[in-house]
Amino acid sequence: MERMNRSAKRAALPQFDNEELMKIIDQFLLVDKRFIPQGEGYSLYLRPTLIGTTVGLGVTKPTKALLYVIASPVGPYFGKDFKPVSLEATEYAVRAWPKGYGEFKLGANYVSSIEPQTQAAAKGHNQNLWLFGEQGNITEVGAMNVFFVLKKGDKKELVTPPLNGTILPGVTRDSTLRLAREKLSADEWIISEREITIHEVKEKADNGELLEIFGTGTAAIVSPVNNIEFREQHIKVPTGDDFGPLTQQVLDWIKSIQYGQLEFEDWSRVAKKL
Ligand SMILES: *Cc1c(COP(=O)(O)O)cnc(C)c1O
């Protein structure tokens with residue numbers, strides 16, 4: 001909700017009260033709970049949306065807006081024909097740029113991705129790996145944040161790019177970092193928010209030090225990656241068609257919090273009648 005208000009501000013849309021919207025969603029869920037599908041992996045996907053509704057042709061700050069919530073029952077993301085995703089490291093287009101609006105969740109951000117995604121698909125890939133700048137800094141994968149598991153001496157390093165203005169601050173990204181910092185042993189793991197380039201990933205893969213890659217986002221929670229095509233070369237992730245152990249662990253942690261099996265801080269909310 002805080003991110004939505006930040007995004008609304010960037011688009012000159014009005015602010016709303018986070019807790020009031022949460023209470024309305026609670027009431028909606030209680031009234032329409034028959035639409036919440038039961039069974040593991042099923043859920044009611046909720047997407048609060050805010051659009052300007054001023055009538056007119058000018059490019060001006062909206063004077064009217066509509067705040068609504070889309071609710072859609074969804075099935076398991078990882079069905080039996082699930083396969084990890086293959087990526088094209090895209091160099092001819094960027095998703096976001098410094099001081100732009102890539103760090104806000106705006107519909108406009110998806111415009112830059114539709115045509116490149118189509119081109120990646122034509123080459124047999126599922127998504128784009130978004131790079132930025134001369135060094136080939138990795139930013140995101142498709143519309144997800146991205147994590148790498150690397151071997152570092154006798155430890156492992158979990159790396160995700162820092163929130164530098166070109167990265168969408170994903171809630172699942174934040175959850176993954178907080179769970180990793182809380183639950184993984186510091187003797188074995190280094191958790192890093194740092195720049196990572198496509199060249200470093202290639203080098204790590206060549207040295208056998210690339211262990212896992214996964215995307216994070218609300219819909220799938222995690223999305224394992226098995227391959228990156230970069231300048232006609234393929235960077236293969238050793239987990240192949242499987243989930244890597246940490247990828248699986250993050251999925252299990254977050255799922256068990258969502259299903260109320262694991263309590264973690266104040267991340268769960270029970271809908272209460274007003
Ligand atoms: C929505 C989105 C994400 C993931 O954010 P979550 O809050 O984890 O769902 C990541 N990157 C982009 C570009 C997004 O639009």
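In this predicted model, a nonpolar patch on the surface is formed by Ile51, Leu66, Tyr68 and Ile70, which together have about 310 Å² of accessible area. The element that gives the most to the nonpolar patch is strand 2, spanning residues 65-74, with 3 residues. Tyr68 is located in strand 2. Because its relative accessibility is 31%, Tyr68 counts as partly exposed, a class that lies between the limits of 20% for buried and 50% for exposed.

The ligand is surrounded by 15 residues, and the closest are Lys105, Tyr110, Glu140, Thr172 and Thr218. By class, this shell around the ligand comprises 5 nonpolar, 6 polar and 4 charged residues.

| Residue | Atom of the residue | Atom of the ligand | Distance |
|---|---|---|---|
| Tyr110 | side-chain N or O atom | oxygen atom | 2.6 Å |
| Glu140 | polar side-chain atom | nitrogen atom | 2.5 Å |
| Val171 | backbone N or O atom | oxygen atom | 2.8 Å |

Taken alone, the ligand exposes 380 Å², and the protein buries 94% of that area. Helix 4 (171-183) and strand 9 (210-217) are the elements that give two or more residues to the shell around the ligand.

In summary, the surface carries a nonpolar patch that includes Tyr68, while the ligand is held within a shell of 15 residues.

Notes: Residues numbered from 1 in each chain as written. Predicted model: local features only at pLDDT ≥ 70, side-chain atom pairs only at ≥ 80, totals over all residues. Heavy atoms only, no water. Patch = residues over 30% accessible without salt bridge, like charges linked within 9 Å, V, L, I, M, F, W, Y side chains within 5 Å. Areas by Shrake-Rupley, 256 points an atom, 1.4 Å probe, with all protein chains shown as cover. Salt bridge = Lys/Arg side-chain N within 4 Å of Asp/Glu carboxyl O. Helix = DSSP H or I, 4+ residues; strand = E, 2+ residues; numbered from the N terminus. Buried < 20%, exposed > 50% of the residue type's maximum accessible area, 1.4 Å probe, protein only. Near = heavy atom within 4 Å. Polar contact = N/O pair within 3.5 Å; in protein donor to acceptor, adjacent residues only side chain to side chain. Nonpolar A, V, L, I, M, F, W, Y, C, P; charged D, E, K, R; others polar.
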